[in-house]
Amino acid sequence: MSAVSIKETVADLATTFKSTGRLVIVGASLAGLRAAEALRKEGFAGPLTIIGDEPEEPYDRPPLSKQVLKGWVPADHTKLPRVRQVDAEWRLGIAATGLDRVTKQVRLANGEQVPYDRLLIATGTRAREWPNAREAALEGVFTIRTSTDSAGLQKALAAKPGRVLVIGAGFIGSEVASVCRELGLPVTVVERGTAPLVGALGGVIGTIAAEMQRDHGVDLRTGIRVKSLEGDGQGHVQRARLSDDSVVECDVVLTSLGSVRNTEWLEGSGLAAGFWGVGCDAGCRAFDINGVVTDSIFVVGDIARFPHVLYEYQFLVLEHWDNAVLGAEVAAHNMVSLEPDRRPHLPLPAFWSGQFGVNIKSVGVCPFGNEIVFTQGSIKERRFAAAYGYRGRIVAAVTFNHGKWLEYYAAQIERSAPFPPPPAGYDRPEMRPVPAEFPDPHVPTSLPDVILTGHDPTERGAEFRARIY
Amino acid sequence: MRVVVDLNRCLGYAQCVFLAPSVFRLNGEEALQYDPNPDDAMRQKVLRAAAACPVQAILVEHLIAKEGEMS
């Protein structure tokens, strides 16, 4: 057979796959939906199955901790706009419980097996539960991840509780505290770390976030743990006991302790799945447990753990909205493309958070930096830009009500430009880099939503081959 | 109708807030909040707001699909 004919045969196979291959997406939220749409845009015309454990069709989650809790938007009104017909078989309300890579089947909770030729894993994360199950089951104790969670918490806030307790001052906890103050509700925030947002943005910005909370009347307690939650006789939460032996009387508790990746269903599959997500290459192809790349399994969204060229090829997990959207497009493209056409998913990480009337935006990976410099604006007015540096180069930036400048920093970060960066504007404060004060990664705090997971697997699950002498 | 705003892209120019104030609001100076499921009667205003967005961050569903239809 000549080389030309082999090439033609492969091209034929790819064309046939696009019309008859069976594709399965596990996970029916933002990443799963956008991947399905992108597959159709790529010209995939074969059967497509979308499996999701929640009964609702795909919905947007960011409003759940903001507009919904305020009572402006009902929790079931955040269904995602569709950008094209996906013509899929939807299996909603049924969780995937297992994966058999030999027979190429996904096992469902009802015992059914769904066969696939190529699989996309987009099972995302769930809210980390309060560790004491009996206390977590008390009425008035909430987590927030799903629209049902948000509907329940909204109802509880609308009933004008005497005090709300928020455990964990990451982005979700801080946003909910902000809504409570907007609703005029007394709120106590307890954070194990030294300041709000410290894991994601470091102690220098955390100090500003703490001042912001206190200025808005939040009873913020840092460096403190909640030891226990106690109920009244009817099983409704009544008070919390803290590690400094103080007691907070409260009718509503939000536990915002970060998230847990939904990888349990992949146990025994032989994929590199674990605490930090599912390892994959920059083209969204999953690794097996030995670091061998698979041909038919792709990963996207909150659980994809992929190496990033800008961050020394460390593996990143990004619980960001646009990581799901952009990753979905790349994964879908690569699932139906031949090797030379495959693309990398190398986003410049970006997120936003609205709280206490301030728009917080960021690009890059802040915890990769160890220095910070305020480059524009005024801390006092809470309208500023700051850049993060690592070994003399800029690796991230954050703005408070200064989002229009973020693009300038994004361009610098993409070029690995020098740190501190050249002045961006006229409103330049005195620029002096200081330590960014990120907590030691071993100190427990609520997990930030961008995580550098390092080069090493957290579990020694790899099977090393014995050397034969 | 369904609406989603890419808030990474949004820079708070607030053109949408002027054109459809019952759908788009600013919380503070720059943080946009919006109703992701406005009434169909708002369609013209929302489409105008989406068209006027200087960074084109507003995505309005253009599929003609009945509520809850899953295809």
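In which loop of chain A is the place of A:Y313? In this predicted model, A:Y313 is found in the loop between β22 (304–307) and β23 (315–318) of chain A. Helices (H or I, at least four residues) and strands (E, at least two) are DSSP runs, numbered from the N terminus. Residues are numbered from 1 along each chain as its sequence is written, chains are lettered from A and ligands numbered from 1 in the order in which they are written. Local features need pLDDT of at least 70, side-chain atom pairs count only at pLDDT 80 or more, totals for chains, interfaces and linings use all residues, and side-chain values use heavy atoms, with hydrogens and water left out.

Chain A contains nine helices and 30 strands. Its radius of gyration is 23 Å, close to the 23 Å that the globule rule gives for 469 residues, so chain A is as compact as a globular protein of that length; the radius is taken over C-alpha atoms, and the rule is 2.2 Å times the number of residues to the power 0.38. Along the principal axes, the C-alpha atoms occupy a box of roughly 75 × 60 × 55 Å. Of the 469 residues, 57% count as buried (under 20% relative accessible area, with exposed over 50% and partly exposed in between; 1.4 Å probe, protein chains only). Among contacts (heavy atoms within 4.5 Å) with a separation of 6 or more, 66% join residues 24 or more positions apart. The mean positions of the 50 positive and 55 negative charges lie 2 Å apart, where Lys and Arg count as positive and Asp and Glu as negative, without His and the chain ends, and the place of a charge is NZ of Lys, CZ of Arg, CG of Asp or CD of Glu.

Most residues other than glycine have a negative phi, and most peptide bonds are trans. Phi of A:Y313, however, is near 60°, and this residue is exposed, with a relative accessible area of 52%. A positive phi, near 50°, also occurs at A:R391, in the loop between β27 (383–390) and β28 (393–400); A:R391 is exposed at 70% relative accessibility. The peptide bond from A:F419 to A:P420 is cis, with omega near -5°, and A:P420 belongs to the loop between α9 (406–414) and β29 (434–435).

The average pLDDT (the predictor's confidence in each residue, from 0 to 100) of chain A is 92, and 93% of the residues score at least 70. Over residues 457–464, pLDDT stays under 50, and the model has seven contacts beyond four places in sequence for them.
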